[in-house]
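Thanks for coming, everyone. Before I start talking, please take a moment with the sequence and the structure on the screen.

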Number of protein chains: 2
Amino acid sequence: MIAAIYGYGNLGKGVEHALKKRSDCQLFGVFTRRNPNDVKAITGVKTYAAKDVFKYEKNIDVMFVCGGSATDLPQITPVLAEKFNVIDSFDTHAKIPEHFDEVDKAAKRGNKIALISCGWDPGLFSLGRLYSEAVTGGGKSYTFWGKGVSQGHSDAIRRIDGVIDAKEYTVPIETAVNSVIKGENPKLTERETHKRECFVVAEKGADREKIEKEIKTMPYYFDGYETTVNFVSEEELKTGHGGYPHGGKVLCVGRTGENSENKQIMELSLKLDSNPEFTGSVLTAYACGILKAYEKGVRGAVTVFDIPPAYLSTLSDEELRKKYL
Amino acid sequence: MIAAIYGYGNLGKGVEHALKKRSDCQLFGVFTRRNPNDVKAITGVKTYAAKDVFKYEKNIDVMFVCGGSATDLPQITPVLAEKFNVIDSFDTHAKIPEHFDEVDKAAKRGNKIALISCGWDPGLFSLGRLYSEAVTGGGKSYTFWGKGVSQGHSDAIRRIDGVIDAKEYTVPIETAVNSVIKGENPKLTERETHKRECFVVAEKGADREKIEKEIKTMPYYFDGYETTVNFVSEEELKTGHGGYPHGGKVLCVGRTGENSENKQIMELSLKLDSNPEFTGSVLTAYACGILKAYEKGVRGAVTVFDIPPAYLSTLSDEELRKKYL
């Protein structure tokens, strides 16, 4: 597979690292909206201007669209999906159906395949929810994130006027986790299971009250969550909140038996030192996966739900059965 | 889906319970090698003689083949696969390629689909191994079972001459688990990660030494494992070792980053009050899954690796994206 990366931030770099590890992948180059001469890729691969991307239509098997979900991906993924097989990590859960439809139309126009909303959530955790509810026969799954830095939420804060930099931690509420494990099957909204802690570097003289209000009322991202906003210096953010650790779990408690007397607990959990690098690694496996689907004639938008697990591996079906089954 | 159960032991009963919970499933009946008049199904569904099974070829969408892996399934699944879409839980890992080939040939002769080796291991844990190694970019997965009762191993002991009943517990070796979590990437065989504890009821006057030796040297099942054999009375087995609890985890530690400096841990774990009921529940979801694959033209033997996750759910693709992604 010859891949290219469109957008060279933390996720783009994570993809770059992951591609190096896959024997069946090769990186064509990085497309950036900055001046390509100012952007040096970690692996030394060539950088191109984003505006020139369509010149390379014939050179690239899959394009990794690496951008923020708030404004980048809804605009960029459909445009690229008409000319390239694409994969993105769109993570605004509530807007996924809309994004899917836009990308689907574009990919079908171009006779391409497009995987949206890949990564670990949406992505692996989505699979955890689907699989666990299907196999426990009506069990209800609960998703807990963190404690960890959410790239999407940090990114959303950084787009606010007067904000220089920011990190957001998503933190599960412990009493909610315990209630699920006990099999109490509680009714919980996302907002009752997590709180959000923000560390924000503001411009000198910025209206901090206004920034705080803008964060706390941001639809989908913070609105309705227990959110704390702490203003810190650039130095404090760097030393105290470096890296992108994250993690979480999908927990599902089902019941089986004549009188539902037996509890069956399924849990998928992640503990990640680097969220963007792991996300890049998941995207890379799925990029190989959608190419196999493409070869079998699949066109239009797809999700992780549509890709048979076997497609993600470098191994043949025979080897998979022998090694993993 | 109209389903039937062939073989009415613990697993068959687990399937029966699970089918009740699925709105898209209906149970035609139970086929038994015993006298059907002597077998009363829990849900009151009709019981049939196993030898009459082919009379009902046209009435059944999927046949659950519920038998032991040691001798039943290698014989029965290929025979049934020629006339029915079938699903089994064949779990002798080392013999899976051979079983796959036999079933594949039979199913293709009959233009049917056959899913072999479904359940939680092989099955969900196989998926855990494949997914985790693919998405961590070269991480190595480790599987730990237990502590719990292995039906396959208990069944294998019960087939030994002079044995009335038996339960086998698979127990993970704690030092091995900890080494994996620390990221030490240890080289471990299955035998270095688990020990096996057997509780056996022998016939009066049976040669206990011979039974113990036969257990400890049984290929694939016990040979090479640290195995302890305890002879107990029927009463002790019933009161002290009732039920079929099990569980375990697939643990995978990958590394990402320029110098592989970041550790990424993925874990799939199960804690099951009833192993056969959970296995029955997994099989039920996959029976619905293979019917969707069959409708799309898939024929021959398949495994959980080949089935897109979406096929397991009762929901439409749109609903899945909205609810789970």
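When I say contact today, I mean heavy atoms within 4.5 Å, and helices (H or I, at least four residues) and strands (E, at least two) are DSSP runs numbered from the N terminus. Please keep in mind that this is a predicted model, in which local features need pLDDT of at least 70 and side-chain atom pairs count only at pLDDT 80 or more, while totals for chains, interfaces and linings use all residues. Residues are numbered from 1 along each chain as its sequence is written, chains are lettered from A and ligands numbered from 1 in the order in which they are written, and side-chain values use heavy atoms, with hydrogens and water left out.

Let me begin with helix 5 of chain A, residues 151-158, where six of the eight residues are buried, so that this helix is largely enclosed by the rest of the structure; buried here means under 20% relative accessible area, exposed means over 50%, and partly exposed lies in between, with a 1.4 Å probe and protein chains only. The buried residues are A:Gly152, A:His153, A:Ser154, A:Asp155, A:Ala156 and A:Ile157. What do they pack against? Their partners in chain A are strand 8 (148-149), strand 9 (163-172), strand 10 (194-202) and helix 8 (208-216).

Stepping back to the whole of chain A, we have 11 helices and 14 strands. The radius of gyration, taken over C-alpha atoms, is 21 Å, close to the 20 Å that the globule rule (2.2 Å times the number of residues to the power 0.38) gives for 325 residues, so chain A is as compact as a globular protein of that length. Buried residues make up 60% of those 325 residues, and of the contacts with a separation of 6 or more, 68% are between residues 24 or more positions apart.

Turning to chain B, there is an open sheet of four strands in the order 8-9-10-11, with mixed pairing, where two strands pair if DSSP finds at least two bridges between them. Strand 8 (148-149) and strand 11 (226-231) stand at the edges with a single partner strand each, so one side of each is left without a neighbour in the sheet. Strand 8 pairs with strand 9 (residues 163-172) in the antiparallel sense over two bridges, and B:Gly148 stands opposite B:Thr170 in strand 9.

Finally, B:Lys83 sits in the loop between helix 2 (72-81) and strand 5 (85-88) of chain B, and at 33% relative accessibility it counts as partly exposed. Leaving aside neighbours within four places in sequence, B:Lys83 is in contact with B:Phe54, B:Glu57 and B:Lys112.
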